[in-house]
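Q: Hey, I've just opened this one up and could use a quick tour. Can you walk me through it?
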Amino acid sequence: MSDPVISTTAAPPNTDAAHPDAPTADAPHADATVLDNAAWYSLAGPHASFAIGNDLVRRYPDDVAPFVAVRTWEDPGVWDALIDLVGHGEVIGLSGFDGDLPPGWQVVGRGAGVQLVETDALRPRPDEEAIVLGADDVPEMLAIVERNQPGPFRPRTHELGRYVGIRRDGRLVAMAGERLHPDGWTETSAVSTDDAYRRQGLASRLVLDVAFHIQQRGDRALMHAEASNVGAIAAYQRLGFALRRRSVFAAVRTPA
């Protein structure tokens, strides 16, 4: 999803369906409740070292990821806590919030997304051509994201997990990696392939490579996509992912 996308709590399953024919999965292999609020359980769990905030709202550093996480919308102090966390007049995203905004808050856009999880049909495997990417590769990683727009990627996003790519004539032409990491699960993200190298299966190969290493650690793979990106969703389903839930999100501006 494109900036600004701030992952908070997700909407109930099967609401605002943008891809209604997709099969659903119950995600039986690990505690699936953490997937309802994946960013929070990442920042409160395996990614706690990145967390900025408190026990109600948390975010990643700006150069790592744009995600803000809310533990619960039931606490009346959440709105003031968000302002304290991100500042006044800032645009953030609220995923799964379906109520009225407090005075001074402004909706600037809306969208819909899907969450997919691995099923037993997924057959992950390492890819012999995949190379692990790191700090030295950041300029190329940022460039391929800019060319392909798979979703938010910042100069330190690669620190969140393992990122891999495929090169042709020395140039990075395909990439995928790990982002959100709620307990028992790891998100596959930043799936990118340059135009000239599409329809060669590079993205699928990298997704399977990433999933293989996720499973080797004892985790399960999940993915997020814009609900309108039906082509990518169908491709992930063919690999063995299934729709777990749909979510709605809104980009909002905090009070000035």
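What follows is a chat about the sheets, the cores and a few side chains.

Q: First off, what kind of model is this?
A: It's a predicted model.

Q: OK. What order do the strands take in the sheet of eight strands?
A: The order is S4-S11-S5-S10-S9-S8-S7-S6. That sheet is open, and its pairing is mixed.

Q: Which strands sit at its edges?
A: S4 and S6, and each of them pairs on one side only.

Q: What does the twist average from one strand to the next?
A: It averages 35°.

Q: Let's go strand by strand then. How do S4 and S11 pair?
A: They're antiparallel, with five bridges between S11 and strand S4, which covers residues 91–95. For a spot to look at, find Val91: Arg253 in S11 is opposite.

Q: And how many bridges join S5 to S11?
A: Twelve, and that pair is antiparallel too. Gly113 is a handy place to look, with Ser247 of S11 standing opposite.

Q: Is S11 mostly covered or mostly open?
A: Mostly covered: of the 13 residues in S11, twelve are buried.

Q: Now the other end. How do S6 and S7 pair?
A: Antiparallel again, over three bridges. Val132 faces Val164 of S7 there.

Q: What about S7 and S8?
A: Six bridges hold that antiparallel pair together. Arg167 has Leu172 in S8 as its bridge partner. S7 and S8 make a hairpin with two residues between them, and Asp169 in the turn has a positive phi of about 50°.

Q: And which way does S8 pair with S9?
A: In the antiparallel sense, over four bridges, with strand S9 taking in residues 185–193. Ala174 has Thr193 of S9 opposite.

Q: Switching topic: how many residues are in the largest nonpolar core?
A: There are 28. Those with the most contacts inside this core are Val114, Leu206, Val207, Met223, Tyr236 and Phe241.

Q: Which elements give two or more residues to it?
A: On the strand side they include S5 (106–118), S7 (163–168), S8 (171–178), S10 (220–226) and S11 (241–253). Helices H4 (202–216) and H5 (230–239) are also among them.

Q: Which one gives the most?
A: H4, with seven residues in this core.

Q: Zooming in on Tyr236, what does it touch?
A: Setting aside residues up to four places away in sequence, Tyr236 touches Val191, Val207, Met223 and Phe241.

Q: How many aromatic pairs does the structure hold?
A: Five. One of them is Tyr60 with Phe67: their ring centres are 6.5 Å apart and the planes are at 75°, so the pair counts as edge-to-face.

Q: Are those two buried or exposed?
A: Both Tyr60 and Phe67 are buried. Ring pairs also link them with Phe50 into a cluster.

Q: And how are the rings of Phe153 and Tyr163 arranged?
A: The centres are 5.5 Å apart with the planes at 80°, so this pair is edge-to-face. Phe153 is in the loop between H3 and S7 while Tyr163 is in S7, so the pair ties together parts ten residues apart in sequence. Both Phe153 and Tyr163 are buried.

Q: Last one: where's Asp137?
A: In the loop between strand S6 (131–133) and helix H3 (138–148).

Q: Why does Asp137 count as buried?
A: Because its relative accessibility is 15%, and buried means under 20%. Leaving out neighbours within four places in sequence, Asp137 is in contact with Val132 and Arg167.

Definitions and conventions. Residues numbered from 1 in each chain as written. Predicted model: local features only at pLDDT ≥ 70, side-chain atom pairs only at ≥ 80, totals over all residues. Heavy atoms only, no water. Core = buried A, V, L, I, M, F, W, Y, C linked by side-chain atoms within 4.5 Å. Buried < 20%, exposed > 50% of the residue type's maximum accessible area, 1.4 Å probe, protein only. Contact = heavy atoms within 4.5 Å. Pairing = 2+ DSSP bridges. Phe/Tyr/Trp six-rings, centres within 6.5 Å; stacked < 30°, edge-to-face > 60°. Axes fitted to C-alpha atoms, helices over the stretch in contact; angles between N-to-C directions.
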